[in-house]
Amino acid sequence: MATVITGRCLCGNVQYQAEPAPDMAAICYCTDCRKSGGGYGAHQGAVMATAHITGDVSRYAHTADSGSTVTKAFCPTCGSQIYSLNSNQPELIFIRAS
């Protein structure tokens, strides 16, 4: 049986469920992740794009140093970052774990 991960934003308006659990977990130290999180990096886990996300999110898209388009999704009510998408890896969702 695969492990299911679940999470939500601070206010609970946005929730996610992914199965299986992330194949990869990492801390990204790129300038964009440091700036968007206000710290030294972003903890994230890569899950398949079939993850189930409920609730409306706001999105911010920008061009990364690599040239790919990165779209960050966050709760419009509480501002919690939920996930990001990378145009170079459309099969994955990068769930924000911090």
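Which side chain makes a polar contact with the side chain of tyrosine 83? The side chain of arginine 59 does, at 3.3 Å. A polar contact is a pair of N or O atoms within 3.5 Å; within protein, one must be able to donate a hydrogen and the other to accept it, and residues adjacent in sequence count only if both atoms are side-chain atoms.

This is a predicted model, in which local features need pLDDT of at least 70 and side-chain atom pairs count only at pLDDT 80 or more, while totals for chains, interfaces and linings use all residues. Residues are numbered from 1 along each chain as its sequence is written, and side-chain values use heavy atoms, with hydrogens and water left out.

1. Tyrosine 83. This residue is in strand S8; helices (H or I, at least four residues) and strands (E, at least two) are DSSP runs, numbered from the N terminus. Tyrosine 83 counts as buried because its relative accessible area is 9%. Buried means under 20% relative accessible area, exposed over 50%, and partly exposed in between (1.4 Å probe, protein chains only). Leaving out residues up to four places away in sequence, tyrosine 83 touches Ile53, Val57, Arg59, Thr71, Lys72, Ala73, Ile93, Phe94, Ile95 and Arg96, where contact means heavy atoms within 4.5 Å.

2. The nonpolar core. A nonpolar core is a set of buried Ala, Val, Leu, Ile, Met, Phe, Trp, Tyr and Cys residues joined through side-chain atoms within 4.5 Å. The largest one has 13 residues, and those touching the most other members are Val14, Val47, Ile82, Tyr83, Ile93 and Ile95. At least two residues of this core come from each of strand S2 (15-18), strand S8 (81-86) and strand S9 (92-96). In soluble globular proteins, nonpolar side chains tend to be buried together.

3. Valine 47 lies in strand S4 and is buried because its relative accessible area is 2%. Beyond four places in sequence, valine 47 is in contact with Ile5, Ala18, Pro20, Pro22, Glu91, Leu92, Ile93 and Ile95.

4. The largest pocket. On a 1 Å grid over the protein atoms alone, a pocket is an open set of points with protein on both sides within 12 Å along at least five of seven lines, and a cavity is a set of points where a 1.4 Å probe fits but cannot get out; lining residues have an atom within 4 Å of a point. The largest pocket has a volume of about 330 Å³; grid points are joined across faces, edges and corners, and a volume is the space filled by probe spheres set on the points. Its lining has 24 residues, with Cys28, Cys33, Gln44, Val70 and Asn86 nearest the centre. Helix H1 (31-37), S7, S8 and S9 each supply at least two lining residues, and S8 gives the most, with six. The lining divides into 10 nonpolar, 10 polar and four charged residues. Here Ala, Val, Leu, Ile, Met, Phe, Trp, Tyr, Cys and Pro count as nonpolar, Asp, Glu, Lys and Arg as charged, and the others, Gly among them, as polar.

5. Glutamine 44. This residue is found in strand S4 (residues 42-48) and counts as buried because its relative accessibility is 14%. Its contacts beyond four places in sequence include Cys28, Cys33, Ser84 and Phe94.

6. The cavity. There is one cavity of 30 Å³ or more, and about 40 Å³ of space lies in the largest cavity. Its lining consists of Pro20, Ala21, Pro22, Asp23, Ala46, Val47, Met48 and Leu92. S4 gives the most to this lining, with three residues. Seven of the lining residues are nonpolar, none polar and one charged.

7. Serine 68 is in the loop between strand S6 (58-63) and strand S7 (69-74), and counts as buried because its relative accessibility is 2%. A polar contact of 3.0 Å joins its side chain to that of serine 66. Threonine 71 is in strand S7 and, at 16% relative accessibility, also counts as buried. Among its contacts beyond four places in sequence are Arg59, Tyr60 and Tyr83.
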